[in-house]
Structures are given as structure tokens and as C-alpha cells.
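Here is a short report on one protein chain.

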Amino acid sequence: MTETASPDSRSADTGDARWDGLIVGVSLATLDGADGYGGIADAALGWRGGRLTYVGPRAGLPGPEDALADELIEARGWITPGLVDCHTHVVFAGDRAREFEMRLRGESYEAIARAGGGILSTVRAVREADEDTLLAQSLPRAKALVADGVTTLEIKSGYGLDLASERRMLRVARRLGEALGITVRTTCLAAHALPPEFSDDADGYIDAVIEWLPVLHGEGLVDAVDAFCEGIGFSPDQTRRLFEAARSLGLPVKLHADQLSDLGGAGLAAAFDGLSADHVEYTSEDSVRAMAAHGTVAVLLPGAFHVLRETRLPPLDAFRAHGVPMAVATDCNPGTAPLLSLRQAMQLSCTHFRLTPEEALRGATTHAARALGLDDRGVLRTGARADFVLWDIAHPAELGYWLGGRLCRGVFAGGRLIA
């Protein structure tokens, strides 16, 4: 299959130096355009210094293949942009598999919490783990995501709920990026739940989080600020105070919004020019309009929808009608989305939310990058970051079709083979 890609995607940056690498013989899903895969058959992809230098037909290369690059690779299959997992809680200690079993046996959330389970069980485990232990437990999860195509990863804090533990989580997130050779964007989600020390004082806890923010930001540990705005989380007024503090520091915001009820969370995120509103099952049409007006991305999290056996679908038709980009992410976390594959999240978004495979792929690349405020990835275009994945598939739709299995043949971040 060949589609017409935009002229920019097929341009070449030859310069005077040889390219670092060149792959030929593949098909490209450039996603360079408003719709369609941007497919190019019998294509070539070149890069130098971590940036793409050529994206186009093999026949259009500006010289002999063996003279253009230091490394020449002949391959088959399809190349897509590197996947971007824009919502994860991948740094944590312990697990909650026992709770999963209890839920399936009919135990209520309240009963599980009384037995020592729930989010506070993860908080206890994180507080008890030193930094190296937390890194050792989190690294296999991050490696699994990378092995299935992720080259950019967002990681939230939110299981520490005190300054020292939140700092430790964010430091581990930074270390994961260094260890794996990928981009990690860190999000401070200290406003995730009430810790025991503030069990009857949500306003006081928000005051504490607001005091922590400049400390963590000053240490270079925070790229964005998030909160859980929900009846069992924090109110819109409390969230607004936190967002005002974030804005005073120049930090962008995103929000766990409208997952269980419509508190206007997505609209609140949009009012602060939020990068994204995430979950959004109960988001109203007014909030959708606000998201469209402020460029806020809707992040769909089908893993949690699946595990919790939810039935309320996000307002997908409204997002489409108003032009709100829809990203797809794993929400990898120990309680409601123990999901270690963004490609599997893409499949679940097709199955549960009826996204097309193309929408799912854009959701895990172009739109996910936008949900992190990144405009240099998520597309194969000259000048973009050389993050890409080689897949053993005959058509890009297979990425949203197969349940499990190993389709990834090579993951490149900044032009380096990392998996």
C-alpha cells in the first residue's frame, strides 16, 4: 500500500556529512498529514545526530545508498514513529495482585481497604523502599514498555504522598530514562490521594503539596503537574489552587478528569491551557468545547476501563466533532491498569472504544506527543527526532489488531537501537 505523504516528509537533509544510519526496503507509516497512515512503500529512512535526515521513497535517495550513511540496513516490514506512552504510574513498589483476586471473589473496595489494600498499600510499599529498590522494581516494567515500541514515557509520582517519597519517585523516573536511553517526562501527582497524616484535612494537604512544588521543580524533577479531581479525590476548588501554584512556576498541567463523575474536570484543565485531560469517561459537551478551544488533548485509558469493567464510554463522537485530539496510553499502575504494552492499549482502544487502527496509532504517537507538549516526535518527518520502530507486519492496522505476541523487530531512540 502506498499513500501520498506530504512533501516535507520526503525531503532530504544531505549536508556535507554522512548520515549515521539509513534503512532501506521498508514501508513507512509517516503519519505526516491530517489523516491516513502517510504510507510509503519501498521506502528509505535516514538519520544523523539523532534527527531524521531523509523520509521518502528509496528511489528518491540523493545518492548511492552505501555512500550516504555509516550504517546501511536492508529490512522488511513497516516503520512507524516511536510510541509515546503519555500517562503511566510505572514507578511503584510491591503489587496488588492479591487485591485483584479479592475483587474477583466479590470483595468490595471498602473491604479491601479495611484489609490494608487500596492505594495506601502502595503508598506504604513506596515509603518503605529506598531509591535503588524502587528503581530495581520499576525497571522491568519500563523495559517491557520499551520492548513493545515505546521511546517516550511519561511517569507520575503520587504513591509517596510526602515530600521525601515523592522526590524519590521522581528521581527514579529520571534514572529510568537514563538507564533505557529514552525520553522520560516526569509529572508530579502528589495530589493523588490523601495520606494518613492528612486523612481529614484535604485542604491542608493541598497546602503542603503547593509548598513542595517549588522545591521539587527547583531540583529539576518536575515537567508537569497533575491531580485526581474526583469525589474520592480532590475537589475542583482544591485542584484549581494547585494549578494556580503550578502556573506561577511556569509548569504545565494535566488532570485525571471525569473518570467516575462529571465535576467539570476536563473543562477546568482546559481553562489552565492544560496539556491533557485523562480518563474523561463522564466529560460533558461543554468541557469538550473548552478542550477544543484551548488545545487540550483527551487521553484515553482503555486498560483501566477494561480492568474495572466499566461501561460508560468517553464522548468519542464529541471529541471527533470538535476536533479534540485523542491520545491512547497504558495508565500502567498497580491497582487498576497493570498493563505493560502500549500496543495492547491500542488494541483495547479499538475493541472497547471503537477507535480505528489509524486513530489508535495516532493516539499512541502524534497525539500522545502533543499531550506531553512535545512537537519533535510522533511523526516521521525530516528534522524530527529519530525515534522509530520497525515492525514485522504487512499493514499498520495489525498494530491495533493482534492481541499480544511479538511484532516489534527494533526500537530506535534518537537513532540508537535500544531494543
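Helices (H or I, at least four residues) and strands (E, at least two) are DSSP runs, numbered from the N terminus. Asp207, for one, is found in helix α7.

This is a predicted model: local features need pLDDT of at least 70, side-chain atom pairs count only at pLDDT 80 or more, and totals for chains, interfaces and linings use all residues. Residues are numbered from 1 along each chain as its sequence is written, and side-chain values use heavy atoms, with hydrogens and water left out.

**Annotated sites**

In an unreviewed UniProt entry, the annotation "binding site" covers Arg96, Tyr159, His192, Gln259 and Thr336. UniProt also places a "binding site" feature (unreviewed entry) at Tyr159, Asn333 and Gly335. These three are spread over 177 residues of sequence, yet they cluster in space, with a largest C-alpha distance of 11.4 Å. UniProt positions are given in the numbering used here, feature names are shortened, and annotations may be inferred rather than shown by experiment.

The table lists accessibility for some residues discussed here. Buried means under 20% relative accessible area, exposed over 50%, and partly exposed in between (1.4 Å probe, protein chains only).

| Residue | Relative accessible area | Class |
|---|---|---|
| Arg96 | 11% | buried |
| Thr122 | 2% | buried |
| Tyr159 | 3% | buried |
| His192 | 10% | buried |
| Asn333 | 5% | buried |

**Around Tyr159**

Tyr159 sits in the loop between β7 (150-156) and α6. Contact means heavy atoms within 4.5 Å. With the same exclusion of residues up to four places away, Asn333 touches His89, Phe92, Tyr159 and Pro338. A polar contact is a pair of N or O atoms within 3.5 Å; within protein, one must be able to donate a hydrogen and the other to accept it, and residues adjacent in sequence count only if both atoms are side-chain atoms. The side chain of Asn333 reaches the backbone nitrogen of Gly335 at 2.8 Å.

**Arg96 and Thr122**

Arg96 lies in the loop between β6 (83-85) and α2 (97-104). Thr122 belongs to helix α4 (residues 119-128). Which side chain does Thr122 join through a polar contact of 3.1 Å? The partner is the side chain of Arg96. Leaving aside neighbours within four places in sequence, Arg96 is in contact with Gly118, Ile119, Ser121, Thr122, Pro334 and Gly335. Thr122, not counting residues up to four places away, touches Phe92, Ala93, Arg96, Tyr159 and Pro334.

**His192**

His192 is placed in the loop between β8 (183-191) and α7 (202-218). A polar atom of its side chain lies 3.0 Å from the backbone oxygen of Gly158. Beyond neighbours within four places in sequence, the contacts of His192 include His89, Ile119, Tyr159, Phe228 and Phe234.

**A strand residue: Ser276**

Ser276 is in strand β11 (residues 276-279). Ser276 counts as buried because its relative accessibility is 0%. Its side chain makes a polar contact of 2.7 Å with the side chain of Asp278. Outside four places in sequence, Ser276 is in contact with residues including Val253, Leu255, Ala269, Val297 and Ala371.

**Two helix pairs**

Axes are lines fitted to C-alpha atoms, for helices over the stretch in contact, and angles run from 0 to 180 degrees between N-to-C directions. Angles under 35 degrees count as roughly parallel, over 145 as roughly antiparallel, 65 to 115 as roughly perpendicular and the rest as oblique.

Helix α5 (residues 131-147) and helix α6 (residues 163-180) have axes that come within 9 Å and cross at roughly 50°. That makes α5 oblique to α6. The contact involves, among others, Leu134, Leu135 and Ala142 of α5 and Met169, Val172 and Leu176 of α6.

Helix α7 packs against helix α8 (residues 236-248) at an angle of about 10°, with their axes 10 Å apart. The two are therefore roughly parallel to each other. Residues in this contact include Ile206, Asp207 and Ile210 of α7 and Arg241, Leu242 and Ala245 of α8. Asp207 is partly exposed, with a relative accessible area of 38%. The C-alpha atoms of Asp207 and Ala245 are separated by 10.0 Å, and the two residues are 38 apart along the chain.
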